Amino acid sequence: MMADPQTVLNLLKTARGQLDAVIRMVEDDRYCIDISNQLMATESLVAKTNATVLKAHVGGCVKSACASGDQAERDQKLREIENVIDKLSR
């Protein structure tokens, strides 16, 4: 099961729009806390997008690898998820 591409694209385009707005805020010398709040909102949306992609990966690719009976493929997919979890926890 792959993440719905349109959903992912919409989330990313929204994040891009938010980032463009932050750039304008910096250019306009807006208040630091307002800029920080917008940056956090953008980070949150990117994190939500990543969670959407990762959930689809687990529900599709990882689930399929575990059901396939191919031990090497299963182990590879599980290592990939472990690596992502490590990166997310930094």
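Let's start with Lys77, which forms a salt bridge with Glu80, the closest N and O atoms being 3.9 Å apart. By salt bridge I mean a side-chain nitrogen of Lys or Arg within 4 Å of a carboxyl oxygen of Asp or Glu. Both Lys77 and Glu80 lie in helix H3, residues 71–88, and they sit 3 residues apart, about one turn of the helix. When I say helix, I mean a DSSP run of H or I with at least four residues, numbered from the N terminus.

Before going on, a word about what you are looking at. This is a predicted model, where local features need pLDDT of at least 70 and side-chain atom pairs count only at pLDDT 80 or more, while totals for chains, interfaces and linings use all residues. Residues are numbered from 1 along each chain as its sequence is written, and side-chain values use heavy atoms, with hydrogens and water left out.

Back to our pair. Is Lys77 buried or exposed? Lys77 is buried, because its relative accessible area is 17%. The cut-offs here are under 20% relative accessible area for buried, over 50% for exposed, and partly exposed in between, with a 1.4 Å probe and protein chains only.

How many salt bridges does the structure hold? There are 2. Besides Lys77 with Glu80, the side chains of Arg74 and Asp75 meet in a salt bridge, at 3.2 Å from N to O. Arg74 counts as partly exposed because its relative accessibility is 27%. Asp75 has 26%, so Asp75 is partly exposed too.

While we're in this part of the chain, please look at Gln76, which is found in helix H3. With a relative accessible area of 38%, Gln76 is partly exposed. Gln76 and Met40 are 36 residues apart in sequence and 33 Å apart in space, C-alpha to C-alpha. For Lys77, the C-alpha atom is separated by 32 Å from that of Leu39, 38 residues away along the chain.

Now to how the helices are arranged. How do H2 and H3 pack? They pack at an angle of about 155 degrees, with their axes 8 Å apart. That makes H2 roughly antiparallel to H3, and their crossing is left-handed. The axes are lines fitted to C-alpha atoms, for helices over the stretch in contact, and angles run from 0 to 180 degrees between N-to-C directions. On that scale, angles under 35 degrees count as roughly parallel, over 145 as roughly antiparallel, 65 to 115 as roughly perpendicular, and the rest as oblique. As for handedness, a crossing is left-handed if the near helix is turned anticlockwise from the far one by less than a right angle, and right-handed if clockwise.

Let's move to the other pair. The axes of helix H1, residues 5–27, and H2 come within 9 Å and cross at roughly 165 degrees. That makes H1 roughly antiparallel to H2. The crossing of H1 and H2 is left-handed.

Some residues from these two helices are worth a stop. Leu11 lies in helix H1, and Leu11 counts as buried because its relative accessibility is 13%. Leu11 and Lys48 are 37 residues apart in sequence, yet 8.3 Å apart in space, C-alpha to C-alpha. Over in helix H2 we find Thr49. Thr49 is buried, at 4% relative accessibility.

Next, the loop between H1 and H2, where Asp29 lies. Asp29 is exposed, with a relative accessible area of 70%. What is phi of Asp29? Phi is near 55 degrees, a positive value in a residue other than glycine. For context, most residues other than glycine have a negative phi.

My last stop is on the surface. Which residues form a nonpolar patch there? Leu19, Ile23 and Leu39 do, with about 230 Å² of accessible area together. That area comes from the Shrake-Rupley method with a 1.4 Å probe; for residues, only the protein chains shown count as cover. Patches are made of residues with over 30% relative accessible area and no salt bridge, where like charges are joined within 9 Å and nonpolar side chains (Val, Leu, Ile, Met, Phe, Trp, Tyr) within 5 Å. Leu39 lies in helix H2, residues 32–68, and Leu39 is partly exposed at 36% relative accessibility.
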